[in-house]
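Here's a quick briefing for anyone meeting this structure for the first time. Have a look at it below, then read on.

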Amino acid sequence: MNVEPLSPPGVTTHDADILRMSHIRMKFGPVEVLKDVTLTLRRKEILGLLGANGSGKSTLIKVLAGFNSPEPGSVVRLWGEELPLPLDAGRIRQMGVAFVHQHLALVPSLSVIDNMLISDTSLRPYGINWGKERRRISALMAEFGLTIDPDAMVGSLSPVERAFVAIVRAFAELRRSDAGRGGEGILVLDEPTPFLSVADVDKLFTLLRGIRATGASVIIVTHDIDEVLSLTNRVAVMRDGRLAAMLNTQDTSRQQILDTIVGRAISAYERAAKTAPTQPNVTIKGLSGGRCKGFDATLKKGEILGVTGLIGSGFADVPYLLFGATPGQGQITVGKTQLDAAHLPPAKAHGAGIALLPGDRMGQGGVATLSVTENATFLALPRMRHGLGLSHAMMTRATNALIAAHDVRPANSSADLGNLSGGNQQKVLLGKWLAEEPQLLCLDEPTQGVDYGARQQIFAALDQAAARGMTILIASTDHEQLAQLCDRVIVFRRGVPIQELGGAEVAKEKIARACLGSDLPQNNDVPQDTEVFA
Amino acid sequence: MTAGTTNPTAAKPRRSWTKEMERFALLGAWAVLIAVFALAVPDTFLTWRTFSAMFGSQAVLVVLALAILVPLTAGDFDLSAANVLVFTAMLVAVTNVQLGLPIGLSIVLALGIGALIGAINAFFVLFFRIHSLIITLGVGTFLQGLTLWMSQSRTISGISMELVQLVVIQRLVGIPLAFYYGLALALIMWWVLEYTIAGRKLLFVGRGREVARLNGVKVDRVRAMALVTSSTLAAIAGVLYAGMTGSADPNSGSSLLLPAFAAAFLGATTLYPGRFNPLGTLLSVYFLITGITGLTMLGADAYVQSLFYGGALVVAVSLSQLVRGRQPQSFG
């Protein structure tokens, strides 16, 4: 099989196209998330799929996986055959498309061999011959120069080895498929690298190149431009639900890709002028834990600070570390109270005037099976005592006040919290914490899964709280949200803050660029530095 | 808000009739059961003596079911409760009859040992992070062994009549005092769960441990207290058990465990549907004993007890699930 010479950039039909997704349109309710996207994949190529959050790249992959059903008029051709829509998830795998999702779908408490066999449905009339399977898996690993013990527990493997297991498993699935018998197949990887070190990413790429050498093609969804440049043959860039460009990696520069991702449009939103906060309120020294490797900051009264970066860069741990929800180290001063992050149970953080609105709304924020009243008043219970015990009338009154203040719908305090929409759940949980009037309010992705209207209301509530003097810290990858709300934004990369944006720099495009690592003199040094230390 | 929309504070939640029906369905079923037996065997069933016997005899089960309700609300199982009951009943018998301790001291000792067993359960569950089902099963089985050893596998009778007086002989409105102990405990627990912060914390810990932790609840402390409370209440049930007959039998009490769980789960379909609740549990116990008493009077054999306990539990919980549109249950 020959590799065809690459044609000029742009989407054109090509003899070597093994997959053509054309005129893909996809709606979630009234919102169009894919607007006539056409994407092709060639034999023996690695295609990078890039785009900012919400650009539609995950939706496109889900269309291919058969999870999303696109609008009529969309066409998917695989190995020259037009497939009925929505795609049948089982059929597409049978035809030779395998997926590796970000969280790998491995069971840590089972061995490599168990995990490898779970997706293998080929008939074994005499039961599993463990010795044979072990040799087969070792041989498959050896094909790519890997030496992973098939009997090892997946939980005991390093992160990169786990990624290897998931990828080799997907490759084995390709081999068993119809296309795999001819030595072909399509491997789709959804952001496999955020939790890997630079050296590990290199190893992973070696594996992917090895897979390409067998005749298979790879689609890799990622945020990281450097990775795309070093690995791919072509790059598809998505923006606002459209394919913004299809580029030949060889002829493309980092800057060109970056400009395509971010676009030239400048956010028209102007933040209301307000007096710059001056009075320091919260000091953070040497905060570390999880993926965050060291963070210092001074936050002022009434200031809204954003922390952001690529997924896995450590910023997302900051709110949890400040509240003592995940173990870590560092010194935190709130007002006059000194706290040690190493000995900070959430109850103590709460007592010191810190609040946390977690990102996992129904897993950490509130209880879906309890009523709005029970959720909304849980922190306020000491103020709800009357006579012989808690006054249910006072609880209902307080909840109705919260419902009115934040426009929670339906306005029914006895409904289960789980029956509300994401935005209304978030308004209830935010209202609960705001009623405590904390000194420092930490939020993780406060508007994830929240509709547009509720989002504006949450922004307004946070703005008002800041105006009353509350210090607010928001961890988010939603650059538009950060630009709309924050006085300052600190950008993380590989566990440490690398850039601080303030004033006019707090704009969607500037934040996006900083996350992706451009506009930085030391930009090219970051990976190299790590290699020196490695 | 625009002028057209109504003020949300004024909006009253619409009363849902299916929900109200669900709340009082078991109460209705109980009334129907009584009516049916009253018509079938009016002479024997519809007497004060029958009702007084039913109310008085079930106090031990009521207290035991209320005991396991506490850790159930916090998301833990206490399978050792019935063995704690037998063990403490035997402890009262041995210390009072064989060692000659005054009955008051025997009772205090039994309650103290009950609390200690709860603390042991809590230590293993929370320090080693083992599921409560495993630890309480092991501790319960261990206690059963201790009970047989302590009693030489014999029933010990002759417990001080003072205790028997206070449990079954003395009556109020014709019903043995034991009934009122169970009733009082159910009312106290209802108040604690509904009207105190401790009760609310217990509920949150059961429904969402991580949510409770991130709302500043000391989750481990709450779970430990739930297990200690459960064993202490089981010890109270043990004292009542010893007082019912003035003796302690090393075997029969442990068969109360499954009826206690049945009552707790059945209780969770009524009054406060979807929630373990003390008043619902109380109602369930008396619903079940009414059915069994009536069927026995109609000439049914002893096995009808198990048939009725098991059948009623499965049928009632299934019906309640139908009313709630077969949503997954979430007791925690």
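## A strand pair to start from

Strand E21 (residues 488–493) and E22(A), both in chain A, pair in the antiparallel sense over 6 bridges. Strands here are DSSP runs of at least two residues (E), helices are runs of at least four (H or I), and both are numbered from the N terminus; two strands pair if DSSP finds at least two bridges between them. Keep in mind that this is a predicted model: local features need pLDDT of at least 70, side-chain atom pairs count only at pLDDT 80 or more, and totals for chains, interfaces and linings use all residues. Residues are numbered from 1 along each chain as its sequence is written, while chains are lettered from A and ligands numbered from 1 in the order in which they are written.

**Around E21(A)**

- On to another partner: E13(A) and E21(A) run parallel, joined by 5 bridges, with Gly309(A) standing opposite Phe492(A).
- E21(A) is mostly covered, with 6 of its 6 residues buried (20 or more other C-beta atoms within 10 Å of the residue's own; 12 or fewer would be exposed, anything in between partly exposed, with C-beta atoms placed from the backbone).
- That goes for both faces: Arg488(A), Ile490(A) and Phe492(A) are buried on one side, and Val489(A), Val491(A) and Arg493(A) on the other.
- In a regular strand the side chains alternate between the two faces of the sheet.

**The sheet that holds E21(A)**

- It's an open sheet of 6 strands with mixed pairing, in the order E16-E19-E20-E13-E21-E22 (chain A).
- Strand E16 (354–357) and strand E22 (496–502) of chain A sit at the edges with a single partner strand each, so one side of each has no neighbour in the sheet.
- Neighbouring strands are turned by 20° against each other on average, direction ignored.
- Helix H15 (residues 452–467) of chain A packs on this sheet, touching strand E13 (304–309), strand E19 (440–444) and strand E20 (471–475) of chain A, and its direction makes about 145° with that of E20(A).
- Such angles run from 0 to 180 degrees between N-to-C directions, using lines fitted to C-alpha atoms (for helices, over the stretch in contact).

**Another sheet in chain A**

- Here the order is E6-E7-E8-E3-E9-E10 (chain A), again an open sheet of 6 strands with mixed pairing.
- Which strands stand at the edges? They are strand E6 (97–100) and strand E10 (242–248) of chain A; each has a single partner strand, so one side of each is left without a neighbour in the sheet.
- From one strand to the next, the twist averages 20°.
- Strand E7 (residues 186–190) and strand E8 (residues 217–221) of chain A pair in the parallel sense over 5 bridges, and Ile186(A) has Ser217(A) as its bridge partner in E8(A).
- Helix H5 (residues 159–176) of chain A packs on the sheet against E6 and E7 of chain A, its direction making about 170° with that of E6(A).
- Helix H6 (residues 198–213) of chain A packs there too, touching strand E3 (46–51), E7 and E8 of chain A at about 150° to the direction of E8(A).

**Two domains in chain A**

- Chain A is divided into domain 1 (18–104 + 158–262) and domain 2 (280–364 + 437–533), with bounds from an automatic or database domain assignment.
- Their centres, taken over C-alpha atoms, are 31 Å apart.
- Each of the two gives 13 residues to the contact (residues are in contact if their C-beta atoms, placed from the backbone, lie within 7 Å).
- On the domain 1 side of chain A that touches domain 2, helix H7 (225–231) and helix H8 (254–262) of chain A each supply at least two residues.

**Where chain A meets chain B**

- 27 residues of chain A are in contact with 22 residues of chain B.
- Helix H10 (346–351), helix H11 (361–365), strand E18 (389–390) and helix H13 (392–406) of chain A each give two or more residues to chain A's side.
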